[in-house]
Structure formats: structure tokens, C-alpha cells
Amino acid sequence: MDVDLIVLGSGTAGVKVATRCRVAGWRVALVEARQFGGTCALRGCEPKKVFWTLAEAAERAQRLSAKGVGGGGGVTLDWAAAQRFKRSFTDPVPESRRESLERAGIIALHGQPRFLGPDRIAVDGQEIRFRHALIATGAEPAELPIAGRENLSTSDDFLSLEDMPKSLVLLGGGYISFECAHLARRAGAEVTILEGGDRPLAPFDEALVARLVEKTRALGIRVELGCKAAAIRADAGGFRVECGDGRSFAGAMVLHGLGRRPALSGLGLEAAGVPVEKGRLLLDPYLRSTGNERVFAAGDAAAQGPALTPVASHDAAVVARNLLEGCHTKPDYSVVPSAAFTLPPLAAVGLTEAQAKERGIDYELREGDMADYQSVRRTGEDTAAYRLLVAPGSGAILGAHLLGPEAPDSINLFALAMRAGMGAEALSRMMTAYPTGGSNIASMLG
Ligand SMILES: Cc1cc2nc3c(=O)[nH]c(=O)nc-3n(C[C@H](O)[C@H](O)[C@H](O)COP(=O)(O)OP(=O)(O)OC[C@H]3O[C@@H](n4cnc5c(N)ncnc54)[C@H](O)[C@@H]3O)c2cc1C
Ligand SMILES: NC(=O)c1ccc[n+]([C@@H]2O[C@H](COP(=O)([O-])OP(=O)(O)OC[C@H]3O[C@@H](n4cnc5c(N)ncnc54)[C@H](O)[C@@H]3O)[C@@H](O)[C@H]2O)c1
């Protein structure tokens, strides 16, 4: 078979490039090795947010039980029922994703692809000659030199649990560990997070992370810092994690939250002349392989921007333009909002204070506690704060960091202002619907 484009991976990045090229009249094939649908829809953002929404609803009802929500404080997260609800979102995805690809005229193949040469690939024995290829295979849990790592469960396993184990140890203090820890605790588990460095959630503002850690501990989640996991051994009824410094922690389940790496194994990249260094594809500024100009990459597999869904989507738009209009477009990762869906959630866009200091960038800090804001008080939440970095003189917003119930939505307004070149003063004058999370922004900016 001959195609203009073969896409590897049916996640956010792969489907977008495939669809755009097909609309332009190209003959496109897409191959998926697992279920059609990708991480975000099946094993990441979407199912996680279903659990988070239920956990948040249960906790909000508990917090407000003495304040007008009837029925007492007995509302809890029922994990088994939540799992069934989650499946109502994820179960239909593989079939509907495959159908929509086929409806668009894209040849949807299931199997393990392997390059045979610079313009040839095999999918389970079928040979395909391509003009272009896109590697959009996403990421997988990093393989780390930890003895007994076969005892680790992954976020895929966690999000598929029928019942919540009694106790969990989460290795790493990043997005996955914090999000899963907050869910597991609300479902009644004893939870321990072991972070190897001296602070968790590195991409976020240090002071707000400290507030979140304090809150996390107050919820009964143990957060241990400077604890590099060295070994995981089977123990009575579960596992024991041993840290390099002699400390050890037991749990019925041990979860991998140690970072993810591009999923490139088994693709036969050498045969295609596609170089890889330290587990990452070598790409030019146009997301094209430095060794084979037919081959592009996007999203988590490209690992050029942060491993987030909006980045995968942005990369895909860039690659589609480069394929269809010639290689002129570079990705722009300067304004990437993101949120950690803890309870309360934490959100960020732009520079952290540490990055501004490191780069010698002048900034004015506007910070405050939001626990007594009406929008926070009426949710019963007691932890909320903001920290904004504004350029002295121009008033440009350099970074925005929010902790609190409305943080993940409000951060998008800061991202919009930064993208539109709107300074702090113009943003504070913007009329917003009231009372909403957005209407707090004027108060934050003073
Ligand atoms: C638990 C979890 C929660 C997350 N939550 C968020 C969130 O809230 N917000 C956010 O922005 N991001 C979140 N992310 C990150 C986000 O899911 C990814 O950044 C995004 O899905 C990347 O999209 P992609 O298209 O690059 O890759 P993917 O969506 O991973 O798609 C890659 C596809 O390629 C397939 N594949 C792999 N190897 C091969 C192969 N050899 N051949 C063919 N196909 C292959 C995979 O099966 C998969 O379907 C989360 C990730 C995880 C793990
Ligand atoms: N809400 C979201 O947007 C969201 C949610 C989940 C995942 N993601 C994406 O997926 C990526 C992977 O998530 P993740 O949580 O696995 O990784 P992460 O990069 O967020 O965090 C990994 C953590 O593990 C620590 N670590 C590394 N080795 C260790 C060791 N031996 N012992 C103890 N700690 C160790 C690191 O210091 C780091 O804090 C994220 O970076 C993010 O891009 C996003």
C-alpha cells in the first residue's frame, strides 16, 4: 500500500494531523498499537477529571453539611460506583474514535508498526510505503533503576481500579502522584507520597506548592521529601518501598509517578534513519527528524514542550501546517497553562518566581490569600491563594499561579491576557460576569 502520510498513534496529536492532511486530500493511514483513543481520553485527563469531579462534589457536600447542605456529613466518594460512571465515558471511545477516522476516509490499522527503511513501514506483516510519517506514540512510565520495579503499578492501573486498596505508596511527587493521592485519600485509602527531591510539583510556584503540601498533610496524606525510591519488595499483604537513605514504607499498592518518557521502543527507528539520543527523538525546530526529513513527531513522543494535551494539539497544528504548506512553522511553548487536579487544584501559566530569578528577569510580585474571598468561602474551602509576576514598567504579566477551587478555569484568563499581550492594568479593567472566579482577577491585580 502507498500513502502520503502514515501516522503512528491515535491520541490527540496523531488524530489531528491525520484529519487535517486527509481534509487536504491526502491518502492517510493511522496505526494504533493499543486501543484507539490515546492517553487523554482513555487513561489520562478525561477519566481522571471524572473521578476528580465526583471527589470534589463529595468533599464540597461534606464541607457545607453544616451550612445548608442537608443529610449530614456522610457524603463520601464511592469508588466502585465512580469507576462505573468513568467507564461510561471511556468505554465508547475506542469504537467511536476508529469509526470517526474511517468516516473521514483515513485507513485505520490496528497493530505494531516497525520501520523497514526511510520510506517503508510494516504493520503486522503488511508493508506500507509512505511520503511522510508522523511519530505520535505518546509517552510511557520511565524505566528507572529501581530494584523490584516489576512491582510498580501505573496510572493506567490506578484509573482502572474496581476497588480502592487500603493503602498506597506513590513514588514521585509530580502530577500523577499528587492527583492520584488526593483521589485515593477521598476514597478512604491510607496514602504516602515519596518525592526524591526537596520539593514536589516542580513546574509550579514553590510557595503555593508549600501551601498545597500543608493541606495535603492535613488531609492525612503522608508526604516524604528527599526520599529516592531504591527498591520495592513484596511484603506481607503488599509491598515495601525502600529509599536510598534507609527509610521504608509499606502499602498494598505502589504507584509509578516518577515521570514519563517518549514511547519509542519497537519502532525500528534505526532502519528509518531517525536518530534518538537519551530516549528522545532528535528533531529540528519544525518538529522534523534531523535524520529523515520525511518523518515528523508531535506531542509527548516529540517531548519538545511540556507533556500536556494542549501541547500535543498545538504540535499537531504545527506539523500539519509544515506538511501541507512547507516547513515554516515552529511550535511556541511560551504560554502553556496547566493545572494539577488536586483538591483544591493548583494552576500555573508563564514564569515561576524561581525561573524569573534564574533568568535575571525583573518582576513585581502581587500575592495574597484568597481563603476569605466570597467565591472561596461559599465552597467551604479553606486553602486558596495567588501569586502573580508582573513586569515593572510595562505591566506585562510574566506568570500567574493560583491555588483554589476555581484555579484551573481562572488560569485560562491569564493565559489569554498573556497571549494577547494584555497587561495587568488592562486585564484588571476588563469587565467580567459577577460573581465568578474571573471576577476575582481584578481584586488580585489590585
Ligand atoms: C494519568 C494522566 C493524567 C493526565 N492528565 C492530564 C491533564 O489533566 N491535562 C493535560 O493537559 N494532560 C494530562 N496528561 C497528559 C496527556 O494525557 C498527554 O500529554 C497527551 O495525551 C499526549 O497526547 P499524544 O497524542 O502526544 O499521545 P497519546 O495520547 O499518549 O497517544 C499516543 C498513542 O500512541 C499509541 N502508541 C504507543 N506506542 C505505539 C506504537 N509503537 N505504535 C502505534 N501506536 C502506539 C498509544 O497507545 C496511544 O494511543 C495526563 C497524562 C496521564 C498519564
Ligand atoms: N494535570 C495534568 O496536566 C497532568 C496529570 C498527570 C500527568 N501529566 C503529565 O504527565 C507527566 C508525567 O507525570 P508524572 O507525575 O509521572 O511525572 P512528573 O515529571 O510530574 O513528576 C515526577 C516526580 O518524580 C520524582 N522522582 C524521580 N525519580 C524519583 C525516585 N527515584 N524516587 C522518588 N521520586 C523521584 C521527580 O523529582 C518528580 O517530582 C507530567 O510531567 C505531565 O506532563 C499531566
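Which helices and strands each supply at least two residues of the shell around ligand 1? They are helix H1 (12–23), strand E2 (28–32), helix H2 (38–43), helix H3 (45–63) and helix H9 (309–325). Keep in mind as you look around that this is a predicted model.

**Around ligand 1**

- Ligand 1 is surrounded by 35 residues, and the closest of them are Gly9, Gly11, Gly38, Gly138 and Gly299.
- Sorted by class, this shell holds 16 nonpolar, 15 polar and 4 charged residues.
- Helix H3, one of the elements that supply at least two residues here, is also the place of Lys49, which returns below under the annotated positions.

**Around ligand 2**

- The shell around ligand 2 has 28 residues, of which Gly172, Gly174, Ile176, Gly196 and Ala307 come nearest.
- Two or more residues of this shell come from helix H7 (175–186) and from strand E19 (338–340).
- Helix H7 gives the most, with 4 residues.
- By class, there are 15 nonpolar, 9 polar and 4 charged residues around ligand 2.
- Both domain 1 (2–141 + 261–325) and domain 2 (149–258) are represented, each with at least three residues in the shell around ligand 2.

**Strands E8, E9 and E14**

- Helix H7 turns up again here: together with E8 and E9 it makes a right-handed β-α-β unit.
- Strand E8 (residues 167–171) runs parallel to E14, and 4 bridges join the two.
- On its other pairing, E8 is joined by 5 bridges to strand E9 (residues 190–194), again in parallel.
- Val169 takes part in both pairings: its bridge partner in E9 is Thr192, and its bridge partner in E14 is Val254.
- A further pair to look for is Leu170, which stands opposite Leu255 in E14.
- E8 is mostly covered, with 4 of its 5 residues buried.

**Annotated positions**

- An unreviewed UniProt entry carries the annotation "domain: FAD/NAD(P)-binding" over residues 4–315.
- Over residues 4–315 the chain is 31% helix and 26% strand, and the C-alpha atoms at the ends are 19 Å apart.
- Under "binding site", UniProt (unreviewed entry) lists Lys49 and Asp300.
- Where does Asp300 sit? Asp300 is in the loop between strand E18 (295–297) and H9.
- Asp300 counts as buried because 31 C-beta neighbours lie inside 10 Å, where 20 or more are needed.
- Lys49, in helix H3, is partly exposed because it has 18 other C-beta atoms within 10 Å, a count that falls between the limits of 12 or fewer for exposed and 20 or more for buried.

Conventions: Residues are numbered from 1 along each chain as its sequence is written. Chains are lettered from A and ligands numbered from 1 in the order in which they are written. This is a predicted model: local features need pLDDT of at least 70, side-chain atom pairs count only at pLDDT 80 or more; totals for chains, interfaces and linings use all residues. A residue is near a molecule or strand if its C-beta atom, placed from the backbone, lies within 6 Å of it. Ala, Val, Leu, Ile, Met, Phe, Trp, Tyr, Cys and Pro count as nonpolar, Asp, Glu, Lys and Arg as charged, and the others, Gly among them, as polar. Domain bounds come from an automatic or database domain assignment. UniProt positions are given in the numbering used here, feature names are shortened, and annotations may be inferred rather than shown by experiment. Two strands pair if DSSP finds at least two bridges between them. A crossover is right-handed if, with the strands pointing away from the viewer, the path from the first strand over the helix to the second runs clockwise.
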